[in-house]
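Let's take a friendly look at how two protein chains meet. Have the sequence and the 3D view ready as you read.

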Amino acid sequence: MAIQEDESIYSDEEVDEKKHQQLVDKVLSLNKAQQLKKASRTEPTLKISEFDLVKSVSGKKGSIYLDDLTKSLSKKKNVNIEHKQILNSIHSTLPKPLEKPTADRIQRTVAYEKARLELDRWEPIVTSNRVSTNLSFPLKTEKFKDKEDITSKWRLKTAFDIEFEKNNPQAVEEIHVDIEKEKFTLSKKEILKERQNAAKLRALQSYEEAKARRNKKIKSKRYHRVQRKSIIKQQLKEFELLQKTNPEEALKRLEEIEKVRAHERFSLRHKSTGKWAKNKQIRAKYDKESRQELAQQLALSKELTQKINDGTDSEDDFPLPEEVTTNSSDKDNLFHNLKVDDKVKNFVANYSKYWLNKNEEKIVTPNNIPATCEGSSTYIGETPVVNEDTEKSSKDEALMKSDNCEVISVQDTNDSKIKVNKKKKTKPVRKSTGTSDWDIEVMENDNIDAVFDQLEKKMGNKVEKKLKNLKGNLGTKPKKQKRPAVDKEEKSLLTLPIQKKRPKIDEPLSESLNRIDENEEEGNELTMLSSILQKKNTEIKKVNNDQNDIKIKVTHLNSEIPNHTTIIDEENKSSIEDYIAEAFEDCEKLQAEFDKEKLDEIEKHKPKDVNLNLPGWGSWGGTGIIPNKRKQRRFIIKAPKHIPRKDDNKGFLIINEDASSKVKKHMVNELPFPFRRVKDFEASIRAPIGQTFVPETVFRKFTKPSVHTKLGTIIEPMDKDVLLNKTNS
Amino acid sequence: MKVKVLSRNPEHYLRETKFDIHKVPRNYDPDLHPFAAAREYIRALNAVKLERVFAKPFVCNLDGHTDSISCISKHPKGLSSLVSGAFDGEIRVWDIPQQVCVRNFTAHDGIVRGISYIPNGNSFTSIGDDKIIKTWNSLRPQFGEEEKPLNSILSKTILYGISHHRRDPIFATCGEVCQIWNESRSEPIKTFQWGVDSLHDITFNPVETTLLASCASDRSVILYDMRDKAPLRKIIMKLRINKLCWNPMEAYIFTCASEENLYSFDTRNLKHPVNIHHDHVDAVTYIDYSPTGREFVSGSYDKTIRIYETDKGHSRDVYHTKRMQRLTCVQWTLDNKYILSGSDEMNIRIWKARASEKLGPLKPRERASLNYSESLKEKYASHPQIRRIKRHRQIPKHIFNAQNVLKAMRQKNKRKEANRRAHSKPGSVPFVPERKNHHVLAEHK
């Protein structure tokens with residue numbers, strides 16, 4: 001009601017604002033109590049301070065009444081209807097909101113996860129920067145490469161250039177730029193088409209996946225058995241077809257199958273599953289003999305399955321991780337999944353026999369004898385072939401790879417004479433007329449092992465290659481292997497190999513006061529003596545025990561100066577005996593000299609008594625007073641009479657034990673961090689990097705600083721541009 | 001018969017002056033250099049000795065402040081200017097190459113708590129104990145003009161720290177709460193509060209520019225994202241964190257200066273520090289990364305500056321002078337060459353970042369030889385003599401003594417643990433690596 005009245009008053013007449021304000025002020029000034037002005041704000045803020053609020057805005061005493069506000073709403077018809085509709089639509093009460101701390105925590109967790117993912121994007125670049133051996137700051141980003149830069153490299157052709165091009169057009173390299181392609185990007189239609197294609201592909205993929213999942217879920221054993229059999233059947237069919245059309249390929253396939261079988265056989269799955277083993281196992285309970293036999297078998301299998309250690313120890317010789325992965329992926333291969341049937345086995349055996357016979361025929365026929373070296377036929381090489389030709393060449397111990405016509409000579413230490421002529425004779429002329437790429441090897445019994453090793457290596461390589469090919473042909477995707485559960489910390493850490501191996505030392509600075517310790521020198525002798533005294537007892541025993549089995553390791557230095565032997569003039573010296581006699585003429589004299597020298601040496605290195613006596617300490621001192629001998633003696637620390645020496649029992653030998661002490665303090669006594677083997681570390685030290693020892697370019701490369709900065713250039717923090725994919729530009 | 005004779009003209013290899021540089025014929029056959037490794041070792045030994053001979057890191061001293069220096073800020077676009085604030089409210093602008101104070105004025109009542117240049121370097125913002133955020137022009141006022149702030153904002157809360165966004169006109173302050181401000185507004189655009197403890201330091205991440213971190217007085221570090229409503233995460237440490245710095249090249253790594261130690265953290269895994277950096281014997285008050293992100297410098301209450309490599313647990317070098325008192329702020333210049341330090345006794349010092357580095361441009365041959373000796377030192381780093389000479393430093397007595405005390409404490413703990421291990425069931429007292437040894441007490445989500 002009050003508002004309505006007000007409205008009517010104001011609507012009647014126009015009020016001059018200024019006058020009205022003055023009037024209000026005057027009226028207020030009548031009331032002597034101070035009035036607080038309402039706070040006015042010009043800045044929009046999120047947080048409203050309690051001091052800015054006018055007192056009881058919505059209360060009864062305030063100027064605004066909520067009821068009035070709602071009343072004004074009721075006048076409008078459509079608002080009312082909407083309001084009612086909304087009210088009707090809400091039937092149940094809303095769920096109670098989460099408590100504030102919980103809600104906040106959830107919000108924070110989500111936000112953190114988001115931030116974490118964003119930070120993860122930096123991982124590769126950070127890792128690569130950490131590992132890289134030389135970085136140049138400020139880091140170059142694409143931002144600095146503008147398109148104008150490219151044009152700046154172009155220049156006009158000079159008269160000379162034009163003339164030059166005319167005269168020899170071959171020297172001119174022409175670069176054709178496909179302007180059409182450069183200019184136009186994809187149209188909208190094309191983009192849509194591309195997207196459609198991609199979607200189709202994705203859908204297809206998902207169907208496939210679903211199907212595979214469905215199949216995998218089927219538990220029926222019978223179904224799987226049938227499936228497996230059908231696959232094998234199909235494979236056989238394919239193989240037969242292949243045999244007719246492409247025997248080479250078939251052979252490869254065969255080899256593959258054979259390999260799978262071998263794998264299956266030497267996997268531990270079939271260990272002690274044979275009839276014999278089972279019988280023995282049953283009997284073993286009661287029969288001692290069979291138990292023994294079983295144990296023997298077990299030992300044998302262990303022996304066979306043990307890893308052979310080559311004894312080569314360098315980091316380079318570690319099995320490469322790649323190889324491991326290929327092995328593991330072997331399992332995914334189709335061939336591995338199917339069990340080898342008897343049918344297949346028979347087939348394989350027959351087929352290989354057939355080829356063997358065929359080859360043997362070829363070898364035996366006299367026409368083909370030279371061809372054995374030429375590589376027209378195959379020969380699996382356990383059975384030694386005795387041919388005239390091969391016998392001749394056997395002395396060379398040459399191993400021939402017929403397909404490449406390479407000659408690998410395996411040298412035996414015993415016969416060092418290899419006649420070049422013969423080698424030439426056996427060297428085949430390249431005339432490969434054969435159908436297969438099988439290898440022919442001529443060998444001898446002596447070095448059969450070496451030959452086998454080579455064979456194995458070759459086989460391994462081939463099998464790998466084939467496996468790769470096969471995989472590609474069959475289009476089988478390697479299954480995703482189950483990853484072992486990794487910690488959250490480790491998961492995110494990318495690792496790259498260190499490019500440059502240098503010892504990494506992380507130790508505190510050896511910090512000392514400004515004064516150098518002077519006592520160090522004085523105390524030296526005393527500490528030495530005390531240590532000797534401590535060691536004395538234990539060492540003597542030790543040395544006595546060790547004397548028998550001391551083995552001196554002779555090291556040959558590369559740097560040793562070569563022996564220059566002089567040739568004896570036979571004219572002057574009639575016989576060697578005379579020569580020797582002359583040489584040892586004054587042997588005894590020499591011996592006496594040596595003994596004296598040795599004694600001197602021993603004497604020199606004997607520890608001396610240490611006198612800690614202070615004259616005048618505890619007794620009178622000065623001229624004329626004879627110090628008490630007994631008292632003096634108490635302060636003398638006596639050195640042991642005999643200290644064992646390394647050369648004690650070695651008559652004509654002086655071992656200087658102190659000689660190494662000078663060098664010792666320069667020698668590394670611990671293998672520094674990134675190195676795992678002493679050998680590697682030594683190699684790293686042995687390789688020189690100086691200009692004097694290596695060519696200039698190599699020197700530059702070796703001595704490139706790890707961090708390079710430009711003088712007076714500001715290095716900006718890393719930019720987000722680094723993360724952008726630059727392939728589009 | 002043809003006989004080849006080796007003959008050389010001495011003019012081709014003897015030098016009359018140092019400018020006669022001849023081509024030296026060389027034979028790189030390794031058999032001809034049997035002592036290559038030994039010779040290089042001697043060269044390395046000489047190089048490392050020379051390094052210590054030339055190690056004179058102190059460059060100059062900027063004096064003029066009449067109270068301890070509270071904060072310094074380096075120009076983001078130029079190398080020659082520097083702003084410093086003192087505990088008496090004075091701000092000074094320095095010209096580094098001339099080594100003179102260009103401008104000084106009283107900016108605040110009470111302590112100047114923080115100064116931060118805006119990204120283009122045209123002006124800088126300062127905060128003080130009077131709760132006012134003032135923006136100043138980088139240029140000196142004209143003759144006769146008074147020093148006047150371009151803009152001043154009255155904050156409703158106490159301000160302890162300020163950090164500017166790397167590119168945008170946005171800065172963050174901390175005090176009672178963490179506030180994000182826009183340069184053109186007089187009210188914060190965002191306020192974060194988590195707990196009631198006061199925040200004494202705040203830093204923007206220079207790489208992932210929306211992230212911030214602040215240190216609170218309840219020994220915690222709080223992470224924020226500028227775009228989010230709420231903070232991200234909080235970790236509570238064993239000891240209070242005084243200062244925090246982000247690695248400018250590795251977006252997720254930050255290092256914080258605590259009492260005694262420095263801790264490097266990976267933001268994505270805050271459970272344990274990535275690395276712990278020892279060697280200070282008192283509270284570390286300030287830390288700043290080198291612009292290459294490979295090293296950082298820290299100033300401490302023990303009156304020393306130490307330089308660390310990010311991946312190592314011990315310092316690479318230690319700087320001190322007799323007159324330098326407790327450090328309040330340290331900065332690494334943006335050209336990776338110098339270190340600026342402000343300390344309690346009113347001086348700003350300039351140091352070389354690498355103590356024995358030759359200043360100024362180098363001739364190619366000189367550079368090549370320096371590079372060579374550098375890589376020789378690296379190659380032979382594990383040899384005991386080289387290691388000893390390289391790591392030897394003279395330090396003041398009080399630090400030496402404090403170190404001994406700390407060493408005794410550490411040994412005591414170690415011995416106690418070993419004893420406990422020896423007298424309890426095997427396996428019940430496990431070996432815990434230092435990094436996992438409860439430096440972080442709690443991680444609040």
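## Strands that cross the boundary

Helices (H or I, at least four residues) and strands (E, at least two) are DSSP runs, numbered from the N terminus. Two strands pair if DSSP finds at least two bridges between them. Here, strand 4 of chain A pairs with strand 29 (residues 392–394) of chain B in the parallel sense, over 3 bridges. Look for E511(A): its bridge partner in strand 29 of chain B is R393(B).

## About the model

This is a predicted model, in which local features need pLDDT of at least 70, side-chain atom pairs count only at pLDDT 80 or more, and totals for chains, interfaces and linings use all residues. Residues are numbered from 1 along each chain as its sequence is written, chains are lettered from A and ligands numbered from 1 in the order in which they are written, and side-chain values use heavy atoms, with hydrogens and water left out.

## The contact in numbers

Contact means heavy atoms within 4.5 Å. Chain A brings 77 residues to the contact and chain B brings 92 residues. Together the chains bury about 7,800 Å², with 56% of it on carbon and sulfur atoms; buried area is the accessible area (1.4 Å probe) that two parts lose on being put together, summed over both.

## Charged partners

A salt bridge is a side-chain nitrogen of Lys or Arg within 4 Å of a carboxyl oxygen of Asp or Glu. Between chain A and chain B there are 13 salt bridges. One of them joins K114(A) and D228(B), with the closest N and O atoms 3.3 Å apart.
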